Amino acid sequence: MSDAIIPVRDAGLQKKYLKPKDYVTFSMAKFAASAVIGLTQGYLLIFYTSVLGVEPVTVGIMFLVAKIFDGLNDPLMGTIVDRTKTRWGKMRPYLFFGAVPFGILTILLFLPTTGMNAAGKIIYMYITYILYGIAGTIINVPLDGLPAVASPNNEERTKIISVSRIIGSIGEQSALVLYSLFALFLPMKETYLTMGLTIGILAPVFMLLGTFNIKERIAPTKEVPKIIDGFKYLFLNKQFLALIASMLLSFFRNLVSAAIIYVVTYIYSKGSLNIFFALPGAVAAMVGMLFAPKLKKKMDSKQIFILSTFVHSAALLIVYIVGFDVPWAVTAVLMATAMLPVGLLNVVPHFMAIDTLDYWEEKTGKRQEGITFALVSLRGKVSSAFKDFVLAALLSYFMFATPLQSINKHAPAQLEFTKSGIFMIFTIIPAALNLISVIPLIFYKLDGKTMAKITERLSAKRAASYIGETNKAEGETV
Amino acid sequence: MKKMRYKKILAVVLVSVCAVILFGCTGAGESDNFFVKFDEVKRTFESASEYSYEMTIETATLSNYDAQNRVLPANKTVKESDKWDRPLLSYKFIKKGADWYAELVFTDTKKDENGFPVFSDKDNNRPEYVDSMTAKFFFLSGSLRVSVNGSGIYDGDLESFDAEQAGYEIIGCYGFYNIAEVYFEEANANAVFFSHSRKWFSKDIFVCSTYGIKEREAYYGNGVFLPSADILSGGEKYIPYGLSPNKEGADEDLRFDWKNIDSVLSETRCYTAKKGVITTIEFYREIFGSNYKKSVQIWNNNEVETWSGDGVFKSVCTVEFKYPDKNTNIQIPPLS
């Protein structure tokens, strides 16, 4: 079997190109990349505030600036990859050369720079985080694109994407497991440093294994959309605009998972409880996702989204009313229950995005998947940036106390107002503000009835188009 | 035309990002009303004639820290595990006009022959306790009556009562007066590290943190002028950190010259008030003891001393106030 690039016209061949070790090693690469994301998204804010003693609002601003910059880099990286021509392919060179720097930067993020003055720490924070973001883009854009070119066999491509995504989502929780383990034996500073070292050293190894093994066998045919074209499309397709606005405003519900580490550390005074809050919540969300197909038979996507938003907010309100002067297990169980609708909220917008594609195709004859999902991905990064900024700003407002660097293991007492504030960030604040995400959907008209009509008209158009093309192929003009 | 529109949108986004950065950097929007609020609440407290409060105090003292030689238990010649002494104390106070009532419940830890706390586990996490002592003070019509564990020990005027002479040193330590008055003493401006205030619906929350340094007496023994030590904690004298030559930097960069000091005292007071009336006080006190550890440098075999500061005392005190209203009646309990 040749590993040369196979022309696209031969795509869809039934021949098997991927071996089991391709699935395993590529999934390991996805696991590693997701582990790094899980580590930085889950623990970097608390590391900067509770170990390095940087003021939360300063960290929040850094995240906002860096993540928006990072989000804008993705399409640029897509263009660079698209124009790359090497004998190893378009994507693999970036993974080969980017893996080790990515690992080193991950370690540098968690280096306890306690000897630096405040200005030095902030400069170090900006430099390392922005470089980490760039390295992450260099790694993740090609890594996400690799399965699509690994095999001409459609089935194999779908399988490797599915398997690697599942393994990747497990990888994202690996930081949680490491934290729960290390926090039992090590103080805070050493826990985060050890996590950074473990993931920073192992991740490049797994990434290199994955990319060394897998080959690029077909040339990608889809043009990478330019971000400016994406914004033009966004303002033309008002249904997609309403959906993106709603998805953007739904970042408030992510405050819940971001606040867990603060809740267990400062309210229940045991960082190792993190796993008992985060893992059940993640599992509950996955369980909630399973209800999506059944609910889709009874309601349309918009109804499911609105109902899930209200149910999630109501459940968070109950957690708030019960309060935190109860055993931690009670809060953990209630919170896991509150996370059930989140599974639906994670998957339904994807269905709605596809509906906007159908709507636009029916209206204009054009189908813009590339732009749609590029913008959905950008929205994800911008939402993450806003989430971190709002969390940091709220911690500052609630007077979160940061440690003095000149005192060993300084853990300043958090005021009752601060602890109440942390619990509010975990419950009532996302409960109230997440409801805002429903407002843009007032302008989203693609309900069940409308989509049924659009689907019918689209099917007729596609059928007519297919007949025309078939007859053309046979030499007849229709 | 469309290009102009997108350029405008980009410009708005960039300006917004810059505005956010500037906002964060200058701290705009965070005004400090601490001293204004403090004065208001103090006036209201001092003029109130009826109220009650309950106070819980949790303290932890690293009893086997060698303060004289400045060595932590783990760095002693014969290494020791930390022995944290954690007695329990609660205090209740009721004021009704000129009369008042105070109740102090103190539970000390059991001590071994060396005066260290006794623990029921090998990790020294669970101290053993002796029986509690309950002291009650009735100040009625200008006369004080004191009982301890139900037995009267004093009946006379307020000024003549000597707790230590009566055999109850702990009463002398924590006082039998209105302890909450201590938390309305003005903070020394040179000791204030930060002060913030926030409004949360009908509540005002304002907090002030101070630092004091206990200088090495020997350092000043060579005729160097010792600044005024007007912060007292447990009988020890602390200089407002702003006046000490053994510190450098400010805010997050505050650092201490641990070799030349004995300890650092940190006190944080948080007041919560509603409509100018105090409802809760939280008081956090920590002492960080200077200490050193010897280690050998691998590359030249030289022994070096590394100086640093570690927590050797911690206390958390919460005071919750009640005032007479339709649901609450302030009454002094009957004599017992």
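**Entry 1**

I began with Asn301(B), which lies in the loop between β15 (277-296) and β16 (303-322) of chain B. Strands (E, at least two residues) and helices (H or I, at least four) are DSSP runs, numbered from the N terminus. The model is predicted: local features need pLDDT of at least 70 and side-chain atom pairs pLDDT 80 or more, while totals for chains, interfaces and linings use all residues. Residues are numbered from 1 along each chain as its sequence is written, chains are lettered from A and ligands numbered from 1 in the order in which they are written, and side-chain values use heavy atoms, without hydrogens and water.

I noted a positive phi near 65° for Asn301(B), a residue other than glycine. Most residues other than glycine have a negative phi. Asn301(B) has a relative accessible area of 63% and is therefore exposed. The terms are buried for under 20% relative accessible area, exposed for over 50% and partly exposed in between, with a 1.4 Å probe and protein chains only.

I then turned to Ser141(B), in the loop between β5 (133-140) and β6 (143-148) of chain B. Its phi is also positive, about 50°, although Ser141(B) is not a glycine. Ser141(B) counts as exposed because its relative accessibility is 72%.

**Entry 2: helix α10 of chain A**

I followed α10 of chain A, residues 255-267, and found a bend of about 30° at Ile261(A). The bend is the angle between axes fitted to the seven residues ending at a residue and the seven starting there.

How many of the 13 residues of α10(A) are buried? I recorded 12, so the helix is largely enclosed by the rest of the structure. Ser269(A) follows α10(A) and has a positive phi, near 55°.

**Entry 3: the largest cavity**

I counted 3 cavities of 30 Å³ or more in the structure. A cavity is a set of points on a 1 Å grid over the protein atoms alone where a 1.4 Å probe fits but cannot get out, and lining residues have an atom within 4 Å of a point. Grid points are joined across faces, edges and corners, and the volume is the space filled by probe spheres set on the points. The largest cavity holds about 70 Å³.

Which elements of chain B each supply at least two residues of its lining? They are α2 (34-47), β9 (203-215) and β14 (261-274). The most comes from β14(B), with 4 residues. The lining includes Phe34(B), Phe35(B) and Phe38(B), as well as Cys208(B), Arg269(B) and Tyr271(B). By class I noted 6 nonpolar, 2 polar and 4 charged residues. Here Ala, Val, Leu, Ile, Met, Phe, Trp, Tyr, Cys and Pro are nonpolar, Asp, Glu, Lys and Arg charged, and the others, Gly among them, polar.

**Entry 4: rings and charges**

I looked up aromatic pairs, in which ring centres of Phe, Tyr or Trp (its six-membered ring) lie within 6.5 Å; planes under 30 degrees apart are stacked, over 60 edge-to-face and the rest tilted. Over all chains the count comes to 60. One of them joins Phe256(B) and Trp258(B), edge-to-face, with 5.4 Å centre to centre and 65° between the planes. Both Phe256(B) and Trp258(B) are buried.

The charged end of Lys159(A) sits over the ring of Tyr23(A), 5.1 Å from the centre. The rule asks for NZ of Lys or CZ of Arg within 6 Å of the ring centre and within 35 degrees of the ring normal.

**Entry 5: contacts across the sequence**

I placed Pro152(A) in the loop between α4 (118-150) and α5 (154-172) of chain A. Pro152(A) is buried, because its relative accessibility is 0%. From Pro152(A) to Lys16(A) there are 136 residues in sequence and 8.8 Å in space, C-alpha to C-alpha.

Lys15(A) belongs to the segment before α1 (20-51) of chain A and is partly exposed at 42%. I noted 9.6 Å between the C-alpha atoms of Lys15(A) and Glu156(A), which are 141 residues apart in sequence.

In strand β15 of chain B I found Ser290(B), buried at 0% relative accessibility. Ser290(B) and Ser263(B) are 27 residues apart along the sequence and 5.4 Å apart in space, C-alpha to C-alpha.

Technical notes
1 Å grid on protein atoms, 1.4 Å probe; cavity = no way out; pocket = protein on both sides within 12 Å on 5 of 7 lines; lining within 4 Å.
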